[in-house]
Amino acid sequence: MSYEIVVVGGGIGGLAVAALLSARGMSTCLLERQSQVGGCIARVEFAGYDFEPGMGLYTSFGAGGVYERLFSKLPVEAPEVSLLTSPHVTRLTDGTDVQSLRDNLYAIHGGPASLAERLAESIKRSGGSVRLNSPVLRLAYDESSRAVGVDLLSGERVFATKAIISNLTVWDTYGKLIGLNRTPSEIKKRLNALHGTGVYVVYASMEESAVPRLPSERLLVKDGEGEFTLAVATHHAAPPGKRAVTMTTRTDVEPWFSYQSSEEEYEEWDQDALEHFWKRLHAALPELGSDIEIIETANPRTYYDLTRRKLGMVMGVDTSGQAMGHGTTLPNLFLVGDTVSSTAEVNAVIEAAISLAERMAK
Ligand SMILES: Cc1cc2nc3c(=O)[nH]c(=O)nc-3n(C[C@H](O)[C@H](O)[C@H](O)COP(=O)(O)OP(=O)(O)OC[C@H]3O[C@@H](n4cnc5c(N)ncnc54)[C@H](O)[C@@H]3O)c2cc1C
């Protein structure tokens, strides 16, 4: 098959740029390796709960914000959102609560996955193609070393006459799509200097009656060890009388991949991390008591399985990563996603996708 634009990856960046370009009438194909779109914001459903995949901090839904600008160009409506009534609160080490400067936070009904699903719908309505379960192996080159499309794991070749857009991280775009043997040593050096981080996530069930005891539905907790966030899902499915809760804390990625020689050791490592986190949670938020119950966890290995991001590194890169920009060493290969946006936030990734789509449409 041949298209003007081939987008590799159906995270929020790939979806947004594919939706914008197909809405402009360009023939577009988005290839996603998973059976659902969204990547880091894909649906997280366990035991009848629909969990907020992340910290639940979504801004820019107001008039003139990035979502209005995006959806005004698309043949679908933006997902329903509600302004959160409780402010973002930080609990400090001494137990006091302060209202953070972050305001105008929104809950996306059904979570950010519904945003990803709207964009996939938009691509299809504009005549584009969204192919799930379609892992891309590498770029396909002609005899003059020009990238002509991509090769799928299935052996199929998909041609791109105008451009290929990678929604993979900068590391994976060079390491996997372009290939390290075609990556100049200067770029390799820059990639090695970029730092990423991992997250440890706990999905839990909370008694509805316990929620008002919390200082807010969006919490940042600072304790002696660092920080963690807590988000009570709003407008998400949960069994009667319960609420889905997501807690996230940063973690180094390497130990999750290097220090366990067997599955048993890995399980033990994961269990220790959970017990440790659980103690931190109850020490910082004693008002929770026994009204919270663990449902599932996620760690860098989970994110690697989910998105194939190098070492499961999420949340973008340190600020020097912005220097990489949308362009690559190949004239017809471009990048979109949180390793090349101003911050690793959904709104910033969409902002970067809008600017890339404008550049492509010229
Ligand atoms: C725990 C956590 C909490 C967060 N909380 C918030 C928050 O509260 N607010 C906020 O704004 N942001 C938050 N973020 C950040 C935000 O969710 C991410 O920055 C954003 O979703 C990343 O999108 P992306 O487009 O870069 O790509 P990804 O989400 O990484 O998507 C890349 C896609 O490419 C696919 N793919 C990979 N390899 C291939 C291949 N070979 N072939 C085909 N497809 C492939 C993957 O399956 C994936 O779907 C959070 C992130 C995490 C992890």
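Which helix gives the most to the lining of the second largest cavity? The structure examined here is a predicted model, in which local features need pLDDT of at least 70, side-chain atom pairs count only at pLDDT 80 or more, and totals for chains, interfaces and linings use all residues. Residues are numbered from 1 along each chain as its sequence is written, and side-chain values use heavy atoms, with hydrogens and water left out.

The whole structure was searched for cavities, and two of 30 Å³ or more were found. A cavity is a set of points, on a 1 Å grid over the protein atoms alone, where a 1.4 Å probe fits but cannot get out; lining residues have an atom within 4 Å of a point. Volume is the space filled by probe spheres set on the points, with grid points joined across faces, edges and corners.

The second largest cavity holds about 30 Å³ of space. Helix α9 (residues 346–361) contributes the most to its lining, with three residues. Helices (H or I, at least four residues) and strands (E, at least two) are DSSP runs, numbered from the N terminus. The lining consists of Leu20, Arg24, Lys73, Ile354, Ala357 and Glu358. Three of these residues are nonpolar, none is polar and three are charged. In this scheme Ala, Val, Leu, Ile, Met, Phe, Trp, Tyr, Cys and Pro are nonpolar, Asp, Glu, Lys and Arg are charged, and the others, Gly among them, are polar.

The largest cavity holds about 40 Å³. Among its lining residues are Ile41, Arg43, Asp50, Phe51, Pro112 and His236. Strand β4 (49–51) and helix α3 (112–125) each supply at least two lining residues. By class, the lining has seven nonpolar, three polar and two charged residues.

Leucine 83 lies in strand β5 (residues 81–83). Its relative accessibility is 47%, so leucine 83 counts as partly exposed (buried is under 20% relative accessible area, exposed over 50%, partly exposed in between; 1.4 Å probe, protein chains only). Leucine 83 is in contact (heavy atoms within 4.5 Å) with Asn104, Leu105 and Tyr106, leaving aside residues up to four places away in sequence. The C-alpha atoms of leucine 83 and isoleucine 108 are 8.9 Å apart, with the two residues 25 apart along the chain.

Around the ligand there are 40 residues (one heavy atom within 4 Å), of which Glu32, Leu57, Arg309, Asp338 and Val346 come nearest. A polar backbone atom of cysteine 40 is 2.8 Å from a ligand oxygen atom. For methionine 55, a polar backbone atom is 3.0 Å from a ligand nitrogen atom. Asparagine 167 places a polar side-chain atom 2.9 Å from an oxygen atom of the ligand.

Note on methods:
On a 1 Å grid over the protein atoms alone, a cavity is a set of points where a 1.4 Å probe fits but cannot get out, and a pocket is an open set with protein on both sides within 12 Å along at least five of seven lines; lining residues have an atom within 4 Å of a point. A polar contact is a pair of N or O atoms within 3.5 Å; within protein, one must be able to donate a hydrogen and the other to accept it, and residues adjacent in sequence count only if both atoms are side-chain atoms.
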